[in-house]
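Dear colleague,

Please find the structure below, together with a summary of what was found in it.

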Amino acid sequence: MKKFEFTMHKVLDLKNTVLDEEKNRLSQLQAAVRQLEGQIARLTEAMQAITGEMQERQADGITVAELLGYNARKSNIHLQIKELKERLAEAQKKADAQMQAVIEASREVSKLEKVEERQYESYREMVKKAETAFMEELVATNVSYRRVNAAVS
């Protein structure tokens, strides 16, 4: 009996390739999200450091020009954080959409794998029936051979 061959093997391979590509895109988008989160965290830390430094300087006495300089730096960082948060929201939206694409591609692969399993089970049943028929024929032939030999003897 011939070896099992899944009739939709090429389609399954293609769907697996698509799934791998979608997963790669997702990991790239997730890396971009993490990078933006890291930048926001660093700027937030810088903002806290500037605020702490400004408070220390105020306790020691600070000029208006220095105070304006600190406030300008804080304002600049605040604007950078705001821009990064907007970019982060957009990147997260893209990553979420890509996650849905990965889920859909996974479903497609899963459907084809289930079809393959059903085809393989049908193949196994067919092989089992063929083997059973062969064994029955072998037994019938053996019984006939014994009868012929017994009649001759």
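Glu113, Glu117, Glu121 and Glu125 form a negative surface patch. Patches are made of residues with over 30% relative accessible area and no salt bridge, like charges being joined within 9 Å and nonpolar side chains (Val, Leu, Ile, Met, Phe, Trp, Tyr) within 5 Å. Lys and Arg count as positive and Asp and Glu as negative, while His and the chain ends are not counted; a charge is placed at NZ of Lys, CZ of Arg, CG of Asp or CD of Glu. Accessible areas come from the Shrake-Rupley method with a 1.4 Å probe, and for residues only the protein chains shown count as cover. Glu125 is located in helix H2 (residues 64-152); helices are DSSP runs (H or I, at least four residues), numbered from the N terminus.

The model is predicted: local features need pLDDT of at least 70 and side-chain atom pairs count only at pLDDT 80 or more, whereas totals for chains, interfaces and linings use all residues. Residues are numbered from 1 along each chain as its sequence is written, and side-chain values use heavy atoms, with hydrogens and water left out.

A nonpolar surface patch of about 320 Å² is made by Phe134, Met135 and Leu138. Leu138 also belongs to helix H2 and, at 46% relative accessibility, is partly exposed (buried means under 20% relative accessible area, exposed over 50%, partly exposed in between).

As to salt bridges, the count comes to 6, each being a side-chain nitrogen of Lys or Arg within 4 Å of a carboxyl oxygen of Asp or Glu. One of them joins Glu108 to Lys15, with the closest N and O atoms 3.8 Å apart. This pair links distant parts of the chain, as Glu108 is in helix H2 and Lys15 in helix H1, 93 residues apart. Lys15, Glu108 and Lys111 are linked in a network of salt bridges. Glu66 and Arg57 also meet in a salt bridge (2.5 Å, N to O). A further salt bridge is that of Arg107 with Glu104, at 3.6 Å between the closest N and O atoms; being 3 residues apart in helix H2, these two are separated by about one helical turn.

Finally, Gln98 of helix H2 is buried, because its relative accessible area is 11%. Gln98 touches Glu22, Arg25, Leu26 and Leu29, not counting residues up to four places away in sequence; contact means heavy atoms within 4.5 Å. Leu29 lies in helix H1 (residues 9-60) and is partly exposed at 23% relative accessibility.

Yours sincerely

How values were computed
Buried means under 20% relative accessible area, exposed over 50%, partly exposed in between (1.4 Å probe, protein chains only).
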